[in-house]
Amino acid sequence: MHISTNSPARSAVVFGASGQIGAALLQRLLAAGWQVHAVSRQARQDTAALQWLQGDLDNPPPLPARPDVVFSCGPLDAFARWYQRHALVGVRVIAFSSTSVLVKHTSPDPAERDLAARLASAEHAVFAHARDQQADATILWPTLVWGAGMDRSLSRIAALARHWGWFVLPRSAQGARQPVHVDDLAAAALAVLDCRAAHGQSYALAGGQVLSYWQMVQRILLALPRRPRLLPVPDWLFRALVVLARRSGLLHGFGPAVQARMAQDLVFDIEPARCDFGYAPRGFSPTPAELGLTQ
C-alpha cells in the first residue's frame, strides 16, 4: 500500500514491545515511518515517533483513541482478555500465538496441555471479538524463535554449551525443526497488515530451513568461539543426566515431554504465508550475538 509523503503517519499500538518479537517489530515500524505507542511495565525514553506507555495488559495505560492497528507480541491469553474488554471498532489486530497450540494439546505433560488449551481459547476469543467489532484479525504461529538472544530454548543451549565446553544429546534427537529468526517474524507482521487474504486467518511462521534437532544443535555449537563438543549418549543415560541437572537447578522446566519431542518431527507448512503475503524466512546460521552471547 503506497502512502504519499503528505499523508499522516499510520499509528500502531504494540503490546509486548520489550520482548524479542516486539523489539524487532518496533525497529521495522519506526524505519517505515509509523507513529508507535508501545506498552511496557517499565518507564522508557520516548522519541519523536515512539511513545512508551507504562502498564500491562491487566493494568493498561490510556491508549490512543483509534490506532490503525494493534499488535500483540506477548502472552496471547492476557491480550485476549484485554481485547474483549475494549471496543476497537474497525481496528486491525495482528497477534502472535505459538505452534504450541498445534503440538502440545496431546502432550503427556498437563502443564503443556493447559498451555495449548489456553492458546486455543485465546485465539477463538480474539477472532470472535474482532467479528463483533467489524475488525479484521490475524493470528501468527511462530515456531522456535531465535535472533535476539532472548529465547529460552536455543539461547539456553548456547549458554550451557559455552559454560560446560560440551553439550549432551540423546541419540534419538533426530526430530525435524524449523527455527525462525525474530526479524522474519516482524517482517511477516508488517506484510500481513494490508493483506486481505489474511483477514480472519492463522498462519504458521517457521524458518526457511528444515534441520534435525541434532543438526540444529550442531549449528549452535559452531557459532560459539571455542566450539564445544556435541556428545551423543543413549537415551537412558540422557534421562539420568537430566534428572541430576534438574535437581541441581540447571535445567528448570526440562521435563520428559521436552525430551520426547526431540525425536518428533515438528515441521509446519509455510506455503500459505508464502502465497498470501510473500513470507520468505532465512535459514538457520546464528552468530553468538543472535544467541545472546558476547565475545
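1. Buried means under 20% relative accessible area, exposed over 50%, and partly exposed in between, with a 1.4 Å probe and protein chains only. By that cut-off helix H2 (residues 76-84) is mostly covered, with seven of its nine residues buried. Helices (H or I, at least four residues) and strands (E, at least two) are DSSP runs, numbered from the N terminus.

2. A word on the basis. This is a predicted model, in which local features need pLDDT of at least 70, side-chain atom pairs count only at pLDDT 80 or more, and totals for chains, interfaces and linings use all residues. Residues are numbered from 1 along each chain as its sequence is written, and side-chain values use heavy atoms, with hydrogens and water left out.

3. Which residues of H2 are buried? They are Leu76, Asp77, Ala78, Phe79, Ala80, Trp82 and Tyr83. Their cover includes strands E1 (11-15), E4 (69-72) and E5 (92-96), and helix H4 (110-132). Contact here means heavy atoms within 4.5 Å.

4. H2 and H4 pack at about 30 degrees, with axes 8 Å apart. Axes are lines fitted to C-alpha atoms, for helices over the stretch in contact; angles run from 0 to 180 degrees between N-to-C directions. The two helices are therefore roughly parallel to each other. Angles under 35 degrees count as roughly parallel, over 145 as roughly antiparallel, 65 to 115 as roughly perpendicular, and the rest as oblique. H2 passes H4 in a left-handed crossing. A crossing is left-handed if the near helix is turned anticlockwise from the far one by less than a right angle, and right-handed if clockwise.

5. On the H2 side, Leu76, Asp77, Phe79, Ala80, Tyr83 and Gln84 meet H4. Their partners are Arg118, Leu119, Ala122, Glu123, Ala125, Val126, His129 and Ala130. By class, the contact of H2 with H4 has nine nonpolar, two polar and three charged residues. Ala, Val, Leu, Ile, Met, Phe, Trp, Tyr, Cys and Pro count as nonpolar, Asp, Glu, Lys and Arg as charged, and the others, Gly among them, as polar.

6. Helix H5 (residues 154-164) packs on helix H7 (residues 213-222) at about 55 degrees, with axes 10 Å apart. That makes H5 oblique to H7. The crossing of H5 and H7 is right-handed. Leu154, Ile157, Ala158 and Ala161 of H5 meet Tyr213, Met216, Val217, Ile220 and Leu221 of H7. This contact of H5 with H7 has nine nonpolar, no polar and no charged residues.

7. Helix H1 (residues 20-31) and helix H6 (residues 182-191) also pack at about 55 degrees, with axes 8 Å apart. That makes H1 oblique to H6. Their crossing is right-handed. The contact of H1 with H6 divides into ten nonpolar, one polar and two charged residues.

8. Now the cores. A nonpolar core is a set of buried Ala, Val, Leu, Ile, Met, Phe, Trp, Tyr and Cys residues joined through side-chain atoms within 4.5 Å. The largest has 37 residues, and those with the most contacts inside it are Val14, Phe71, Leu205 and Phe277. A second, separate core of 30 residues includes Val39, Val93, Ala125 and Phe127.

9. Two backbone points to check. Glutamine 134 has a positive phi of about 50 degrees although it is not a glycine. Glutamine 134 lies in the loop between H4 and strand E6 (137-142), and is exposed, with a relative accessible area of 59%. Arginine 227 has a positive phi of about 50 degrees and is not a glycine. Arginine 227 lies in the loop between H7 and strand E13 (229-233).
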